[in-house]
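The following note sets out several points for discussion with a colleague. Please read them alongside the sequence and the coordinates.

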Amino acid sequence: MRIDCPCCGPRGVAEFSYGGDGTLRRPDLATREAEPFSAYVYDRENPRGPHVELWHHIAGCRHWLRVTRNTLTHEILGVEMAGRFAGDAARIEGQGA
Amino acid sequence: MQKYSALSLLKNAFSGHRHWQPAWRKAEPKPAYDAIIVGGGGHGLSTAYYLAKEHGLTNIVVLEKGWLGSGNIGRNTTIVRSNYMLPDNNRFYEWSMKLWEGLSLDLNYNVMFSQRGVLNLAHTPAQLDDYARRGNSMRLEGIDAELLGPSEIAALVPGLDLSGSARFPVVGGLLQPRAGTARHDAVAWGYARAADARGVDIVENCEVTGFLREGERIVGVTTTRGEIRAPKVGVAVAGSTSQVLALAGVSRLPIESHVLQAFVSEPVKPILDGVVTFGAGHLYISQSDKGGLVFGGDIDKYNSYAQRGNLPVVEHVMSEVTAMLPFVSRLRLLRNWGGIMDMSMDGSPIIAPGPLPGLYLNAGWCYGGFKATPASGWCFAWTMAKDEPHPLNAPFTLDRFRNGASIDERGAGPYPKMH
Amino acid sequence: MSDVENGAPNAPQDADTTAAPQAEAPSGAAAQTDKGTPAARPVVGRLVPGETAGAAEPAILLRELQIAAVLEVGAWPNRLEPVANRLSELAGTILPGRPGRFSESDTALVGWVAFGRFIYVAASSEETARVDEALDTDDAAVVDLGPARRALHVGGSEAAALLNKAVAIDFDPRAFPPGSLAQAVIHQIPVIILRRNEDGFDLLVPTSLADALIEWLTDAALEFGYRVAEPVAMM
Amino acid sequence: MSGYRLPRGGAHVERDRPFSFRFDGEQMHGLAGDTLASALLASGRVLVGRSFKYHRPRGVMSAGPEEANALVEMRAGARHEPNTRATMAELYEGLEAASQNRWPSLAFDMMAVNDRLSPLFSAGFYYKTFMGTGQATWHFCERFIRKAAGLGRGTHLADPDRYEKRNAFCDVLVVGAGPAGLMAARAAAASGLRVVLADENARPGGRLHEDGASLDGRTAADWIAHELHELERHGVRIMPRTTVYGYFDGNVLGAVERVADHKPLPEPHEPRQRHWTIHARRVVLATGAIERPLVFSGNDAPGVMLASAGLAHAQRHGVAVGRSVVVFANNDGGARTALALDRLGVSIKAVVDIRREIPTALAAELGARGIRLETGAVVAATRGRKALSGVDIRGFDPASGALGANIMQPSCDALLVAGGWTPSVHLASQAGSAPVYDEQLQSFVPGSPREAWTACGAAAGMLDLAACLKGGRDAGLAAAAACGAGEGSLPPLPVLEGAAGAEHPFPVFDVPATGGAKRFVDFQHDVTADDIELSNREGFRSVEHLKRYTTLGMAADQGKTSNVNAIALMARARGLSAPQVGTTRFRMPYTAVAIGALAGRETGHHFAPTRRTPMHDWHLAHGAEMMPAGIWMRPRAYFRDGETLRDAYVREATMVREGVGLVDVSTLGKIDVQGPDAAEFLNRLYANGFAKLPVGKARYGVMLREDGIMFDDGTAWRLAEHRFLVTTTTANAGPVLAHMEHYLEVVWPELRVHVTSVTDRFAAMAIAGHAARKVLQAALAEGDVSNEACPHMGIAQGRIGTHRVMIARLSFSGELAYEVFCDWPAGLAVWEALLEAGLPERIAPYGLEALGTLRIEKGHITGAEMDGRTTLADVGLGGMASQRKPYIGSAMTSRPAFVDPARPVMVGLVSTDGAPIRAGSHLTARGGGASLGHVTAVTWSPALKAHIALAFLSGGRGRHGEALEAAFPLKDERVAVTVTDPCFYDPDGSRMHV
């Protein structure tokens, strides 16, 4: 399996560390109750088919990526920057550097 | 049930083996049963067997989507052990071990349970301390365990790299002599045959497509072969747990499905007696009675239903096996396969009533399910029959995560890929 | 730049937490597994200038590169271009427009490692303070990594083949032309690979693992044969 | 004597380069270019092996990777290797091979008694017996079963050879260099693409060598040479002896190149094999097809061989496989093979064809050459046990499947069998949907691709040469187009003369049994047609059950010649069609692969890199015993003459308590945390407060996981308003950095914070003891570490010699102590300077054991206590957690199980009977009982003059003073202990506040 890192280009899966379900949203910082965190920490949809997930390019650029991947076929349907540099990446790529 | 024995084999040999009956009937599903077990794998079949044997519940059916035993019961590395550290675990697995020790006779089917020992190698003093804690925990629960030094290990396992040039030299190990391996497919077939003999219907090629409900309560299933009603529906479908429970409207569980690869070498004459694990990584290896070295390592560490893994894990496992047993280098890898593991958030299983009335869940085995097969079925049968868990499976609830009562043998936290 | 403390994820960890003297010492009883050392080898993990080893006609050139200053510059989101421009001014070169590329002047090399992460290699250690002063806290952070890195040059006709033993990056000059930069892992060791010309590659290596990398590289290079050249300044 | 070397021919052999070799100790001769199998055949050797279960005598059955019988042990000593296919082993001077799975000898094998007892050993017999009265019976029997099973013998000696690995990149990978593969590579390369052509054989060409066609007026050998030259000219990388064994996700393919297996020994520095990970944009699968045997009584006798193999041995190696050959076929391949062999001078006794009629041209040519043809006939049985001596030919009614009258019982020493072709769909199946049944081929062809591949040639069911060549070219062009290549010059298809046509089988694969003889389907595993029927009878009917119950296809040959016949037989038994029965899933590897090749060099000493601090060599030179800490090496203790480990650590710990010591802590994880929001970020990460930490001060902190369990501890030094230096435990440096990156990038993208590992930036050492300040100050050329300038948790800057140092006054030992950080390369100089400055105070280094002793005396935690299951409250640090701010894990810490009063919490233990407490002990009541908790760390405390320990005890906080036992049942030891506070020493901290 190879993941086409928006920063580094296509790299082998061994360079990435799996970060699990990418649709989860951490409850607000100020949340004091346990339940929203329990749902965030423990509950997974675990779909058989397309799955949005996080991957950390730990042996490359160390960006976190949001990857859409079919869990049944391992086909990678899309890769984007997960985080705070997503806007920068899109802008810079858009400039066609 | 036709009795299996040396004598019956001899008699049939004279008649050209023409009189053997099918190991289990190819049952047609009836419209209603006292209980339905979804999943014709090891755990589902053993549950059916113990429901019939221990609780007299024989009007039951096991529904299997594909061919019987097509899941992890036939895809594992066949290791049976009860060398756990946490008491909730070691009590449960030791009960399983006791059932294993009588299983072939109980089922009248030789599951080839072979107690040649499981040796865990330690590579640092700290790791050996951990093993000591685990071994002492076992001994206090009446389980066999021995702490070994390098010279004892060298005598036990010829060919280990015990040299100073090993990157992580072996400093000791923990041995469970009663542990070992069993013939995995035979376990499924043996349970199927014995359950069938007690009247259990086993229906293959019958996929559950939905659940029948009366209000909150589950009262049966719809299948590719029609509706089947029962007041109790037990689900034991390993990696497919999320899909099956989603049919019941339970959309989220503390489970992720991951692929675990296993490997077997070409067969050779006896070269490795027991099971050995590599403590400087994650590797377990044994030699089957047929002669192949059977081994495995880590899961691929991503959600998967593909029953197929990728090259980096293959390469890493091979690095580990040759680091531990350098002679393996010249043997050849013959087969590789993948199984889908229902990885739970703490590495421990769930055997509990719920999450809906009328529904019972047996899941979250990660990659420790094979050795649990007898106790899992035994406890799940108890739970389904009595509507409450047996003390042995009482800790393995679904709500333990929310309560903070995780049973985390590895201490890895709520990260399924780490267990 | 990454860290590798977890390089052996399941390896025995944190042995500093024990105080257990009971373990028996390794006996060294069993077979030796000293793989593939057919000829006398130079001191493990050290590059000795003038040394040759392996196949008869060395197709690999190894040399240590001396580095005066290595900086990592972390820019905040939406501040990447201003920081890139400032670094270009400081280095006296034009920083290419996206990660995976670098450019250099006589005195400094500046590269784009990731979105929000630049590397700056300079001939003078005084550059560290100059860059730090030139960048505003509201734009970027500056980390001095000079002592944390060693640099190696891997050259010769089989240099790409040697790196491809570990790295799954296409080093064909059309795919990875001079001016390309990649972060990757060799033997579990994180490295930055810089292609400054067609002759080979420069590697930036974490100091604590540089000896281990050299040990691996020299062993891996035996089938091609290698020669160790005198160290030179990287810039 | 049976086979022999023909006087001429043999495109692969060099007649002027004889090699000598040994088989079972017997000296024999072959030629360069032979395989071991062809050399054995040329030497007249018929019997070469024994089967797995019944130990039946077996001979060579093929000329390729599908070989099921001729498996041998090769080489000697540490290079000994079992189960090598003699058909794939290239001959070299001095080759040593031996037959296997027999005792005492190949000709006289005691285990052949199994064959006589075979009625007992039906499929799955072992599930029905050996149970006796339980485990003891089974364990007794199992020992004999294990000895009887297995094939060749392995060795316990470590493999001395090297294995290399390499990544390769290309636009188009062509797998298989037969006619289709060669054309595909030509077509793809014509557009200027990067093309790799891999083939498992030593020589490209595939079936071209046997087809008999001329191409563009050239012989096959000449045409192949010409094509290879053209390919090289176009820059195609040609990789012979390279088996592409696996097709992984994302068009990543695994291949193994046998670099030196065809030599007596690898050259110096040369690997034995090289693993290639090939990253291809497009793949052309031209993997060919394998001929199927037919199922009839005695079809395993030595001398029965695939027809294509008989031809291959003659064409390639100039070897006649027998002096009197019968051919048995269900397709044109039989007659064609007979004619081709006859032309090469091999004596053909008869051609037996199941079909009532064969093409008139073939029949006429057979007649013209005087070869007897029997149509509508079968070989119903064979004669000869250790070597074929003859066959029984009988009439056959294909409609009813019934045997007819005897026709003849000729004597013969070779029987060539042609049962049709099985496309090699292995790689396509690995990377595609289930194979599809093809009625014409009576076999499976590739399904639809899941990856970017195209199949062509025989692999795709194109059995005649013209179709192969065109199919290959089309596939190459399609692959090039898919890579976006423009139109290249289209390579012309060669003009063919004398090409063989397709060989489509008549759909009969088995002949009824005669005389109770076995009819083998899987030769290696001795699975017979009767076993398949038994499997059906007992309900093991799914193709997967069939495989698992009978072990069909699970032998070392992976069923390459048996799967399709077995499916046909099961289909008939169940009254289904073959596609309804279906085929099992194909998985990597296509052929068995040396495990060493998959491991490469990342094993043994190179299993992981070794990480060293700058003082590493110094430690070694000063008596240190090093121990692994993850991939780091750290000093355990510095031994002086005659010291035991305990002597050494007690001396070192005492030295710190009474004077001053120095320890290398360079392995601590160090992370630079910078930015306007750095303080806010740390405030969220740590359970305790960091927002208000003043510049110039450090603070101890603990991070939790999201589930409220402790994750890591360390210190954070506020170096400037927006800059912190965070330290982590050695083990968690990587995980903590990844944790930070996750929150910054994904969870709180608004925080302007940059994190970088600076573990390798700073060498670090801790100087501890009441003389620490004096020594440190003496070493400092610049800087002030007085209590006023550098109070407890204070940070100071300075210089030692020419090296700048950063100092934080922190104590893990409980003594007055400083951590001294300097540039990594300066570590050794600073270390030595401190030791020199400490000479008057008799300073000495201390290792991990003493470090452990000191921290246990203080009740400080490490990974042994922070084991992934414990909370702050469990270790007595509950008070540290901030109540005023949220932090990672804070909302989860009051869940029911976290506040259970019976939770084990950290306590101290003192041995009351003077015996050492062992790490890993459990706590029980005096006199035994269940576990109440466990011991995490133990030491002899020089300060307390007692054996002490840290432990977790259920409800332990209220149990100080209780008398318990530390039980170590693994060694039958029990030590009487008293429960104490976990801080044994200087509880008010007065020693570090001086």
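How many residues of domain 1 of chain B are in contact with domain 2 of chain B, and how many of domain 2 are in contact in return? The points below begin with that question; the model under discussion is a predicted one.

1. Domain contact within chain B. The contact takes 16 residues from domain 1 of chain B and 24 residues from domain 2 of chain B.

2. Area between the two domains. Domain 1 and domain 2 of chain B bury about 1,600 Å² between them, and carbon and sulfur atoms account for 55% of that area. On the side of domain 1 of chain B, the residues that lose the most area to domain 2 are B:Arg75, B:Thr77 and B:Tyr367, which together supply 41% of what that side buries.

3. The side of domain 1 of chain B that touches domain 2 is made up of five nonpolar, seven polar and four charged residues.

4. Extent of the interface of chain B and chain D. Here 117 residues of chain B meet 122 residues of chain D. The buried area is about 9,700 Å², with 57% of it from carbon and sulfur atoms. B:Arg167, B:Lys269 and B:Arg330 give 10% of the area that chain B buries against chain D, more than any other three residues.

5. Specific contacts of chain B with chain D. The count of salt bridges between chain B and chain D is 12. One of them joins B:Asp185 to D:Arg548, with 2.8 Å between the closest N and O atoms. Helix α9 of chain B (residues 311-324) contributes 10 residues, the largest share of the side of chain B that touches chain D. By class, that side of chain B has 55 nonpolar, 34 polar and 28 charged residues.

6. Interface of chain C and chain A. Chain C places 24 residues in contact with 21 residues of chain A, and the two chains bury about 1,700 Å², 53% of it on carbon and sulfur atoms. There are two salt bridges between chain C and chain A; one of them pairs C:Glu81 with A:Arg91, the closest N and O atoms being 2.7 Å apart. Seven residue pairs are in polar contact between chain C and chain A, both residues at pLDDT 80 or more. Elements of chain C that give two or more residues to the side touching chain A are α1 (80-91), β5 (108-114) and β9 (180-186). The largest share, four residues, comes from β9(C). The side of chain C that touches chain A comprises 15 nonpolar, five polar and four charged residues.

7. Fold of chain C. Chain C has four helices and 13 strands. Of the 235 residues in chain C, 61% are buried. Among contacts in chain C between residues at least 6 apart in sequence, 68% join residues at least 24 apart.

Key. Residues are numbered from 1 along each chain as its sequence is written. Chains are lettered from A and ligands numbered from 1 in the order in which they are written. This is a predicted model: local features need pLDDT of at least 70, side-chain atom pairs count only at pLDDT 80 or more; totals for chains, interfaces and linings use all residues. Side-chain values use heavy atoms; hydrogens and water are left out. Contact means heavy atoms within 4.5 Å. Buried area is the accessible area (1.4 Å probe) that two parts lose on being put together, summed over both. Ala, Val, Leu, Ile, Met, Phe, Trp, Tyr, Cys and Pro count as nonpolar, Asp, Glu, Lys and Arg as charged, and the others, Gly among them, as polar. A salt bridge is a side-chain nitrogen of Lys or Arg within 4 Å of a carboxyl oxygen of Asp or Glu. A polar contact is a pair of N or O atoms within 3.5 Å; within protein, one must be able to donate a hydrogen and the other to accept it, and residues adjacent in sequence count only if both atoms are side-chain atoms. Buried means under 20% relative accessible area, exposed over 50%, partly exposed in between (1.4 Å probe, protein chains only).
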